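Let's take a friendly walk through a protein and look at how charged side chains pair up. Have the sequence and the 3D view ready.

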Amino acid sequence: MTMPLVERPSIERRILSSLDAGRIPVLLGSCGMGRTALLQRLTQLTRPASHYIDLAAVATTPERCVAAIAGATGHAGFGEVPAGPDAHSARAAFDQMMRGFDTAVGPQGQPVTFLLDEFQDLRTFE
């Protein structure tokens with residue numbers, strides 16, 4: 001049985017208005033603060049133009065991360081690997097992931113919002 005997600009109207013409004021203004025909100029807090037639940041709730045509020053991605057589950061290497069995101073979202077930008085000698089490098093995969101985030105569009109051509117949980121796990125790519 002799925003637990004209902006707790007509504008946090010004031011925080012949700014602030015985040016949604018930030019997204020509408022073209023800003024990138026970042027949720028900070030330690031374990032147990034409710035970040036994951038809030039991101040999953042925001043996914044419900046912003047469908048079909050959003051995707052929740054748990055980076056802790058996919059951020060093992062840049063190559064695996066971009067492949068997992070491409071498979072989960074179905075957006076074409078994540079699957080396009082530029083040709084060249086470094087096409088299969090970790091840097092190329094990271095660049096490909098950033099291009100995918102930047103160019104993904106929803107079903108009606110609207111920009112897609114990616115709600116990244118455990119965002120700090122991208123630091124493992126350094």
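Helices here are DSSP runs of H or I with at least four residues, and strands are runs of E with at least two, numbered from the N terminus. D95 and R91 form a salt bridge, with their closest N and O atoms 3.0 Å apart. The term means a side-chain nitrogen of Lys or Arg within 4 Å of a carboxyl oxygen of Asp or Glu. Side chains of opposite charge can pair when their charged atoms come close.

A word on the source: this is a predicted model, in which local features need pLDDT of at least 70 and side-chain atom pairs count only at pLDDT 80 or more, while totals for chains, interfaces and linings use all residues. Residues are numbered from 1 along each chain as its sequence is written, and side-chain values use heavy atoms, leaving out hydrogens and water.

How many salt bridges does a search of the whole structure find? It finds four. Now look at R41, which forms a salt bridge with E12, the closest N and O atoms being 3.0 Å apart. R41 lies in helix α2 and E12 in helix α1, so this pair ties together parts 29 residues apart in sequence.

R41 also pairs with E7, at 3.7 Å between the closest N and O atoms. In this way E7, E12 and R41 are linked in a network of salt bridges.
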